[in-house]
Amino acid sequence: MTTNINPTSLDKAAYLLNVPFSLAADVVNNAWMQELDEDHRHINIRKAINQFLQLYHFMAAEAVVYLLPTPSVTGLQDLVYCANMGVVLEEQSDNTTVILSNFSTEVRAPETKVGKAFFELMGYQTVTPPYHFEGEAELKHLHNNIYLGGYGIRSDKRAYDWMAEHYGVKIIALEETEPYLYHLDCTVFPLTREDTLVCTEMYTAAEIKQIEAVTNIIDVNVDDCFSGVCNNVRIGNSLLNASHIHEMKATDEYYNEEKQKNRKLEDLATRYAFELSFFNLSEFLKSGALLSCMVMHLNRKSYELVLM
């Protein structure tokens, strides 16, 4: 008799991605997209899929990568951004519950139904909080049952109170106030079980004190956050980040900022014994998205690897 297991229970890192068949940038739903006119937001799907495959092939060589099916439903322009699909909480005894997102934007609301069908088919139990919540992009696991949760722009602080009550997790709520950094993965990235990248200038002294009590803070500046210094994914000893600097000219408006961000990550990788890989995801940048937006953790086995 076959034992019922799911991706979360595997001893190997597992993630969820979505091939960008439905990717579009027709509906403007964030500050980055507002800077682009309709022509500059037009997405080349063939190029987007090729860029996606570079990321997928790298990840699939090191981990179990599930692909969320794209249903024949119009308007799912952001389905590829799986980090917003929901979150699998750590330290749960059965590893079978997925907290799905309760989107605050109308264009993304239908994605919850897609995620619910997929996860239930995989044997998970699904639940949607009664308040706005936008998934793993807003809720970063540190260690044990401790999380940092972003709220104020896309997610509601009450969603974290609800999770604490129903699942026994401890969530330090951080208020987001910068429209261009509207999810927590823009300003926070857990590098190891002990060390976390945090843009301290974006949070109050009281919030920073709470974070310092549960993790070692590696401070990053807000300019690097605008360029995506925190929008990473970790696989074992590898850090993955998006950069299209090779498509840019030295005279481009954001070239120096991109170069500075990349150098910051190179320094961090050297300091903490990581290998760093950059992926050109320029088509996804038209949605105001970076690499971390495209990946949902089904477990966090990568963080069990101690490098130093």
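How many bridges join β10 to β11, and do the two strands run parallel or antiparallel? The bridges number 4, and β10 and β11 run parallel. The views below come from a predicted model, in which local features need pLDDT of at least 70, side-chain atom pairs count only at pLDDT 80 or more, and totals for chains, interfaces and linings use all residues. Residues are numbered from 1 along each chain as its sequence is written, and side-chain values use heavy atoms, with hydrogens and water left out.

**View 1. The open sheet β9-β10-β11.**
Three strands in the order β9-β10-β11 make up an open sheet with mixed pairing. Strands (E, at least two residues) and helices (H or I, at least four residues) are DSSP runs numbered from the N terminus, and two strands count as paired if DSSP finds at least two bridges between them. Strands of a sheet pair through backbone hydrogen bonds, either parallel or antiparallel. β9 and β11 are the edge strands, each pairing on one side only. From one strand to the next the twist averages 25°; axes are lines fitted to C-alpha atoms, for helices over the stretch in contact, and angles run from 0 to 180 degrees between N-to-C directions.

**View 2. N216 in strand β11.**
N216 is found in strand β11. With a relative accessibility of 44%, N216 counts as partly exposed; buried means under 20% relative accessible area, exposed means over 50%, and partly exposed lies in between (1.4 Å probe, protein chains only). Leaving aside neighbours within four places in sequence, N216 is in contact with E194, D195 and T196, where contact means heavy atoms within 4.5 Å. N216 and E194 are 22 residues apart in sequence, and their C-alpha atoms are 5.9 Å apart in space.

**View 3. The open sheet β2-β1-β15.**
A further open sheet has 3 strands in the order β2-β1-β15, with mixed pairing. β2 (64-67) and β15 (296-297) stand at the edges with a single partner strand each, so one side of each has no neighbour in the sheet. Strand β1 (residues 14-17) pairs with β2 in the parallel sense over 4 bridges, and with β15 in the antiparallel sense over 2 bridges. Facing β2, A14 stands opposite V64 and Y15 stands opposite V65. Facing β15, L16 stands opposite M296. A14 and L16 point one way from β1, Y15 and L17 point the other way, and all are buried. Helix α3 (residues 45-60) lies across β1 and β2, at about 140° to β2.

**View 4. Helix α8 and what covers it.**
Helix α8 (residues 255-272) has 18 residues, which at 1.5 Å a residue should span 26 Å; its end C-alpha atoms are 26 Å apart, in agreement. The expected span of a helix is 1.5 Å times one less than its number of residues. The buried residues of α8 are Y255, E258, K261, N262, L265, L268, A269 and Y272. Seen down the axis of α8, these residues fall within an arc of 155°, so they line one face of the helix; the arc is that of the directions from the helix axis to the C-beta atoms. The face turned away from the buried side carries the exposed residues N256, D267, T270 and R271. Among the elements covering the buried residues of α8 are β10 (195-198), β11 (216-219), α7 (222-227), β13 and β14 (275-279). Just after α8, A273 takes a positive phi of about 65°.

**View 5. S238 in strand β13.**
S238 lies in strand β13 (residues 238-242). Its relative accessibility is 8%, so S238 counts as buried. Not counting residues up to four places away in sequence, S238 touches F58, V233, F274 and E275.

**View 6. The nonpolar cores.**
A nonpolar core is a set of buried Ala, Val, Leu, Ile, Met, Phe, Trp, Tyr and Cys residues joined through side-chain atoms within 4.5 Å. The largest nonpolar core has 32 residues, of which L148, L174, L191 and L197 touch the most other members. Elements that each supply at least two residues of this core include β7 (146-151), β8 (170-175), β9 (188-190) and α6 (205-212). α8 gives the most to this core, with 4 residues. A second, separate core of 29 residues includes A13, Y15, V233 and F284.
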